[in-house]
Amino acid sequence: MVAKKETSPETQRVRFPIGAKLLAIISLITLVSLGTLTVLASALMRQDVQITAEENNFTVNKRSAAEAEAALRSARSGANVLLNIS
């Protein structure tokens with residue numbers, strides 16, 4: 001018969017201590033939550049930046065159109081003055 005080796009509690013080693021397991025679980029939860037928040041914030045900021053850029057583009061186009069309209073009115077007025085003089 002083969003005799004089983006009896007191991008004393010001093011020679012038994014725990015493969016993964018409970019502290020290490022707890023640390024790993026908490027670290028994993030923290031990393032997942034931070035990653036999720038980062039992705040969510042990036043998506044919301046991207047939408048906000050796009051809306052702001054479109055609003056700025058609209059404002060610049062409106063201002064350019066107003067300046068062009070003023071220049072055309074000035075040219076038309078000048079042409080009318082020249083036609084009335086001659």
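**Notes on the model**

1. Let me start with Ile85: at a relative accessible area of 65%, this residue is exposed, because anything over 50% falls in that class. Ile85 belongs to helix α1. Please keep in mind throughout that this is a predicted model.

2. On the overall fold, the protein chain contains one helix and zero strands. The helix, α1, covers residues 18–85.

3. How much of the protein chain is buried? Of its 86 residues, buried ones account for 0%. The chain exposes about 8600 Å², and 65% of that area comes from carbon and sulfur atoms.

4. Now for the charged side chains. Searching the whole structure turns up one salt bridge. Its partners are Glu69 and Arg73, with 2.8 Å between the closest N and O atoms. Side chains of opposite charge can pair when their charged atoms come close.

5. Where do the two partners sit? Both Glu69 and Arg73 are in helix α1, four residues apart, which is about one turn of the helix.

6. Arg73, at 57% relative accessibility, counts as exposed. The two land in separate classes because the line between partly exposed and exposed is drawn at 50%.

Technical notes: Residues numbered from 1 in each chain as written. Predicted model: local features only at pLDDT ≥ 70, side-chain atom pairs only at ≥ 80, totals over all residues. Heavy atoms only, no water. Salt bridge = Lys/Arg side-chain N within 4 Å of Asp/Glu carboxyl O. Helix = DSSP H or I, 4+ residues; strand = E, 2+ residues; numbered from the N terminus. Buried < 20%, exposed > 50% of the residue type's maximum accessible area, 1.4 Å probe, protein only. Areas by Shrake-Rupley, 256 points an atom, 1.4 Å probe, with all protein chains shown as cover.
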